[in-house]
Amino acid sequence: MASRGGPMVTGTDGADFEHRQRVAAHYQISALNKARLKYCIFFHYLLFFVMLVKLSADILDRLDIFILEIEELQIPAPLWWEYFWCLSVFLSFVGLSAARRNRVTDMKKYMVGISTVAFVPLIYCIMYYLNDVLEYISLEEGTELEDTDIFVWQGYPYGLLWYGFVLVAVQVHLFSLYFAWNLVKAWKARGALKREN
């Protein structure tokens with residue numbers, strides 16, 4: 001042990017500590033991807049709350065609760081995929097638990113769940129509103145939306161609003177899958193190193 005300000009051990013320049021300060025690569029990858037996955041799950045929660053706000057009119061109607069301000073918005077009735085996509089938020093608890101405990105099988109369950117429960121409804125949404133979006137994109141200059149068959153809500157093409165949501169949601173889910181896959185690879189590498197030793 002060196003004393004502060006005292007003489008240095010002969011034969012060293014003081015940089016021999018570097019080999020002891022290195023963290024194995026799979027631990028670094030694991031820590032980095034855990035943090036990134038948590039950010040993705042946070043954005044998943046934000047998207048869930050956006051969807052919950054959209055579904056609030058239908059939920060309140062089912063509960064026989066009347067709020068004039070929400071009724072005046074004339075929010076369109078939800079489709080099945082909107083509720084089905086909301087189920088994907090429960091998978092975040094599986095992902096967070098797997099990340100906390102470094103469980104490969106739980107992380108794989110999270111990945112399979114996101115691939116099905118989150119992506120299938122989004123793909124359905126893309127297909128459902130495709131005609132409206134294509135018609136909106138191909139509108140001639142000066143054409144009024146009211147003169148077309150495009151479904152409009154609050155002056156905006158409804159399908160295009162959903163495409164905005166889908167664009168963000170697909171990015172969040174793809175990044176979640178990517179970071180989860182990196183975690184699985186890092187944890188498997190750690191397990192392989194333990195077996196070698």
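Biologist: Which pattern does the protein chain follow when read along the sequence?

Modeller: The model is a predicted one. The protein chain has 7 helices and 2 strands. Read along the sequence, these elements give the pattern α-α-α-α-α-α-β-β-α.

Biologist: What percentage of the residues in the protein chain is buried?

Modeller: A residue counts as buried when its relative accessible area is under 20%. The protein chain has 197 residues, and the buried share of them is 36%.

Biologist: Among contacts between residues at least 6 apart in sequence, what percentage joins residues at least 24 apart?

Modeller: Contact here means heavy atoms within 4.5 Å. Of the contacts in the protein chain between residues at least 6 apart, the share joining residues at least 24 apart is 76%.

Biologist: Is Met51 buried or exposed?

Modeller: Met51 lies in helix α1. Its relative accessibility is 1%, and the limit for buried is under 20%, so Met51 counts as buried.

Biologist: What is the separation of the C-alpha atoms of Met51 and Phe165?

Modeller: Leaving aside neighbours within four places in sequence, Met51 is in contact with Trp81, Glu82, Trp85, Cys86, Trp162 and Phe165. Phe165 is 114 residues from Met51 along the chain. Their C-alpha atoms are separated by 9.1 Å.

Biologist: Which residues does Ser30 touch, not counting residues up to four places away in sequence?

Modeller: Ser30 lies in helix α1. At 7% relative accessibility, Ser30 counts as buried. Not counting residues up to four places away, the residues it touches are Leu183, Ala186 and Trp187.

Biologist: How many Å apart in space are Ala189 and Tyr27, C-alpha to C-alpha?

Modeller: Ala189 is in helix α7. Its relative accessible area of 35% makes Ala189 partly exposed. Ala189 and Tyr27 are 162 residues apart in sequence, and their C-alpha to C-alpha distance is 9.7 Å.

Biologist: Is α4 roughly parallel or roughly antiparallel to α5?

Modeller: Two packed helices are described by the angle between their axes and the distance between the axes. The axes of α4 and α5 come within 8 Å and cross at roughly 155 degrees. Angles over 145 degrees count as roughly antiparallel, so α4 and α5 are roughly antiparallel.

Biologist: How many residues of the contact of α4 with α5 are nonpolar?

Modeller: The contact is made by Leu91, Ser92, Val94, Gly95, Ala98 and Ala99 of α4, together with Asp106, Met107, Tyr110, Gly113, Ile114 and Val117 of α5. These residues include 3 polar and 1 charged, and the number of nonpolar ones is 8.

Biologist: Which residues of α4 are buried?

Modeller: Buried again means under 20% relative accessible area. In α4, the buried residues are Leu91, Ser92, Gly95, Ser97, Ala98 and Ala99.

Biologist: With which residues is Asp106 in contact, leaving aside its neighbours within four places in sequence?

Modeller: Asp106 is in helix α5. At 18% relative accessibility, Asp106 counts as buried. Asp106 and Gly95 are 11 residues apart in sequence and 7.1 Å apart in space, C-alpha to C-alpha. Leaving aside those neighbours in sequence, Asp106 is in contact with Val94 and Ala98.

Biologist: What is the phi of Asn102, in degrees?

Modeller: Most residues other than glycine have a negative phi, and most peptide bonds are trans. Asn102 lies in the loop between α4 and α5, and is partly exposed, with a relative accessible area of 25%. Asn102 is not a glycine, yet its phi is positive, at about 55 degrees.

Notes: Residues numbered from 1 in each chain as written. Predicted model: local features only at pLDDT ≥ 70, side-chain atom pairs only at ≥ 80, totals over all residues. Heavy atoms only, no water. Axes fitted to C-alpha atoms, helices over the stretch in contact; angles between N-to-C directions. Helix = DSSP H or I, 4+ residues; strand = E, 2+ residues; numbered from the N terminus. Parallel < 35°, antiparallel > 145°, perpendicular 65-115°, else oblique. Nonpolar A, V, L, I, M, F, W, Y, C, P; charged D, E, K, R; others polar. Buried < 20%, exposed > 50% of the residue type's maximum accessible area, 1.4 Å probe, protein only.
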